[in-house]
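Dear colleague,

I am passing on the structure below, and my notes on what was found in it follow directly after. Please read the two side by side.

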Amino acid sequence: MITRFYVTTRGKKLYAKWQTGAIPAFTRIQVGKGTIPDGISPESVTALYDAVKFIPISGESISGSTANIAAQFSNEGVIAAFDWKEIGLFATDPNDGEILYGYGYDLINPTNIPSYATSPVSFIYTMQLAIGNATEITIVVDPATAYATKAELSEALSGKAAVSHAHAQADVTGLTTALAGKVDKVTGKTLSTNDLTDALKTNYDKAHTHALAAHAPADANNYVHPAYSAAAAALVKVGRDALGHMLPGAAVVKADITALGIPAQDTVYVHPNSDATAGTYRSVTVNAQGHVTAGSNPISTIAQGGTGATTADAARVNLGAAAVSHVHTQSDVTGLTTALAGKATAAQGVKADSAVQTAKIGDAVVTKSGTELQFPEYPMTLPASDVSPWAKAATKPSYTKAEVGLGS
């Protein structure tokens, strides 16, 4: 329950007006489930952050400089449960009209209010407010919601009897005297004078007791249920006698069963045929009994994860794919044009091949198909100074293996 309550800035201004003669006038109370933001002072609040409902003021009292204001809370009309975190008291300012006079909140242990459908809740919420030197206050009270407090009820009912109570004969003045000499009236009989003396009454009681003992059977007050022959469990008809006892009847026959509307023959359930032709379908229509009534093989679109086509070629086209066998232009191959730049064409290659011919080193000029090729001349002999003297000798010396390091 909310116990932290602050007078707002506007409330403080109104309080100052009360000290100069204005009469406090409280109008209503509002509860909510909102949370005051961090850094916001309760005194600066002008409205609840998440209001749930207004609760009318049901009573007030003044004790010195303190006003006690009572409100009757009920969760009637509350559809969803909520945590009661904030409360506001409204009052009438003679200049500004109705304002939020006080604001209270409890964010740590808020009271959970259930929905009305779950659990109706009703209680009286009381506020104590300082009103200074104001000698009276005005409260706007809805007569339909005005309830007495427990203290008021206790005071009003003090010394009062309960609605249902009893009195002793002595509590009724003159009753004992009025009943003196009176006799009880018996239903069906008229009242007469009391001419049955005590002696006659005693003799009558004795005679009645003797008659019961002498003539009544010993088991007169013991009920004995009539005996019936035991019967095995069976499907039979039953009757009832005048005393409500069950009487066994004849066995139940087939006619008794059919008379109740039950078919005479065995009942075999035959499942109805479907309106759909037997087969395999990608999509079927089912009725309320779960029976398939139609089937189809729709073409799934690309957005549905299909191809939108019934043939492979059409599916390839729809999906933007190339055929297995296909060609490309030179521009389709990235960088091909640049790679071929400066290369000979096929015709140029054939022409170059036809210009190739065999020539000996040293030939001066070779002409082929009108093309003249110039080869450098190569010397046919080498200078003698390039050959060692021993190599020029007509007779060459001979050497053994040992002389050339090959062993003996």
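**Notes on the model**

The side chain of T8 comes within 3.0 Å of the backbone nitrogen of G11, a polar contact in the sense of a pair of N or O atoms within 3.5 Å, where within protein one must be able to donate a hydrogen and the other to accept it, and residues adjacent in sequence count only if both atoms are side-chain atoms. This is a predicted model, in which local features need pLDDT of at least 70 and side-chain atom pairs count only at pLDDT 80 or more, while totals for chains, interfaces and linings use all residues. Residues are numbered from 1 along each chain as its sequence is written, and side-chain values use heavy atoms, with hydrogens and water left out.

T8 sits in the loop between β1 (5-7) and α1, helices (H or I, at least four residues) and strands (E, at least two) being DSSP runs numbered from the N terminus. T8 counts as buried because its relative accessibility is 1%, where buried means under 20% relative accessible area, exposed over 50% and partly exposed in between (1.4 Å probe, protein chains only). Beyond its neighbours within four places in sequence, T8 is in contact (heavy atoms within 4.5 Å) with residues including P42, V45, L100 and Y101.

The structure holds 4 salt bridges, each a side-chain nitrogen of Lys or Arg within 4 Å of a carboxyl oxygen of Asp or Glu. In one of them D93 pairs with K17, with the closest N and O atoms 2.8 Å apart, and this pair links distant parts of the chain, since D93 is in strand β6 and K17 in helix α1, 76 residues apart. D93 is buried at a relative accessible area of 3%, whereas K17, at 22%, counts as partly exposed. Another joins K201 and D205 (2.9 Å, N to O), which are 4 residues apart in helix α4 (residues 198-215) and therefore separated by about one helical turn.

Finally, T311 caps the N-terminal end of helix α6 (residues 312-319), with a side-chain oxygen 3.2 Å from the backbone nitrogen of A314, and just after α6, G320 takes a positive phi of about 75°.
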